[in-house]
Amino acid sequence: MVIPDFHIHTPFCGHAGGEIQQYVAAARGLGMPEMGFADHLPLFHLTDPSLTMGREDLPLYVERVRQLQAANPGFPVRLGIEADYIVQHLDDVAKALASYPFDYVYGSVHFIGDWGIDQSRFKYEFERRDINEVYEVYFEHVAAAARTGLFDIMTHLDVVKKYGHRPTKDMTAVYDGVGGVLAKSNVAIELNSSGLRRPVREIYPGLELLKIMRAHAVPITFGSDAHNPDQVGRDFSLLLRHARAAGYTDYVTFAGRERVPRPL
Ligand SMILES: [Zn+2]
Ligand SMILES: [Zn+2]
């Protein structure tokens with residue numbers, strides 16, 4: 001079974017390699033039935049061309065994906081986007097999302113306040129804070145993001161572990177709360193293999209958290225978070241095993257912001 005990769009970046013974001021059409025060729029070469037681009041929506045609280053596409057790039061990104069759709073008849077290339085949850089800029093995000101016919105929208109928590117938690121240049125901040133509090137606040141952000149109704153899927157659900165910092169107390173109640181909010185808000189989660197390429201060397205989300213998501217019947221998607229064509233579909237056999245270990249028997253893809261259920 002070849003599972004489609006729905007979390008693929010493009011050189012528009014400023015930190016991805018290759019040419020955009022090479023990502024499509026990679027997905028087709030692996031025999032995927034479809035694929036989806038989900039590049040970083042511009043941030044509204046800061047401008048950093050190494051983090052996201054610029055605002056002027058958004059229409060170009062959409063146009064480029066449309067060209068690839070036209071050039072690949074019979075092979076659906078979905079138009080997704082990865083949008084940051086920044087509480088002060090939800091209106092800007094909503095406006096941007098409404099401007100284009102996205103097939104799906106990933107929500108990400110990359111920031112706690114001004115702190116870019118997944119950027120290596122700021123990882124020293126983990127040493128200065130109470131790690132349990134960092135986890136609690138991070139997952140409060142995830143729940144708040146899900147409640148906005150802006151996002152179809154929360155991506156890399158426990159990216160807060162990226163550099164290997166672990167909570168020292170039991171997080172079951174926190175995870176359970178998040179699972180409840182996701183289920184109630186109709187938001188899916190993603191099995192993301194990029195954590196295997198980070199210092200933590202683990203899939204996002206970890207098995208304990210994923211089992212709690214399963215208990216809440218939160219649907220899953222699959223993504224590599226590819227920032228290079230050779231990362232498309234990376235470690236999907238491990239993702240599949242992980243999903244099954246948590247008890248999942250199906251997953252979803254998206255078209256026109258509607259879930260399409262698929263057996264695992
Ligand atoms: Zn990225
Ligand atoms: Zn991300």
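This is a predicted model: local features need pLDDT of at least 70, side-chain atom pairs count only at pLDDT 80 or more; totals for chains, interfaces and linings use all residues.
Let's start at one residue: Asn132 is found in helix α5.

Is Asn132 buried, exposed or something in between? A residue needs 20 or more other C-beta atoms within 10 Å of its own to be buried, and 12 or fewer to be exposed. Asn132 has 15 C-beta neighbours inside 10 Å, so Asn132 counts as partly exposed. Leaving aside residues up to four places away in sequence, Asn132 touches Pro167, Thr168 and Lys169. Ala27, by contrast, is 105 residues from Asn132 in sequence and 39 Å from it in space, C-alpha to C-alpha.

**Two helices side by side**

Two packed helices are described by the angle between their axes and the distance between the axes. For helix α5 (residues 131-147) and helix α6 (residues 172-185), the axes come within 9 Å and cross at roughly 10°. An angle under 35 degrees counts as roughly parallel, so α5 is roughly parallel to α6. Here are the residues that make the contact:

| Helix | Residues in the contact |
|---|---|
| α5 | Tyr135, Glu136, Phe139, Val142, Ala143, Ala146, Arg147 |
| α6 | Val174, Gly177, Val178, Val181, Leu182, Ser185 |

Sorted by class, this contact of α5 with α6 has nine nonpolar, two polar and two charged residues.

**The whole protein**

Stepping back, the protein has eight helices and ten strands. Its radius of gyration is 17 Å, close to the 18 Å that the globule rule gives for 264 residues, so the protein is as compact as a globular protein of that length. Along the principal axes, the C-alpha atoms fill a box of roughly 50 × 40 × 30 Å. Buried residues make up 44% of the 264 residues. Among contacts between residues at least 6 apart in sequence, 77% join residues at least 24 apart.

Definitions and conventions: Residues are numbered from 1 along each chain as its sequence is written. Chains are lettered from A and ligands numbered from 1 in the order in which they are written. Axes are lines fitted to C-alpha atoms, for helices over the stretch in contact, and angles run from 0 to 180 degrees between N-to-C directions. Helices (H or I, at least four residues) and strands (E, at least two) are DSSP runs, numbered from the N terminus. Angles under 35 degrees count as roughly parallel, over 145 as roughly antiparallel, 65 to 115 as roughly perpendicular and the rest as oblique. Two residues are in contact if their C-beta atoms, placed from the backbone, lie within 7 Å. Ala, Val, Leu, Ile, Met, Phe, Trp, Tyr, Cys and Pro count as nonpolar, Asp, Glu, Lys and Arg as charged, and the others, Gly among them, as polar. The radius of gyration is taken over C-alpha atoms; the globule rule is 2.2 Å times the number of residues to the power 0.38.
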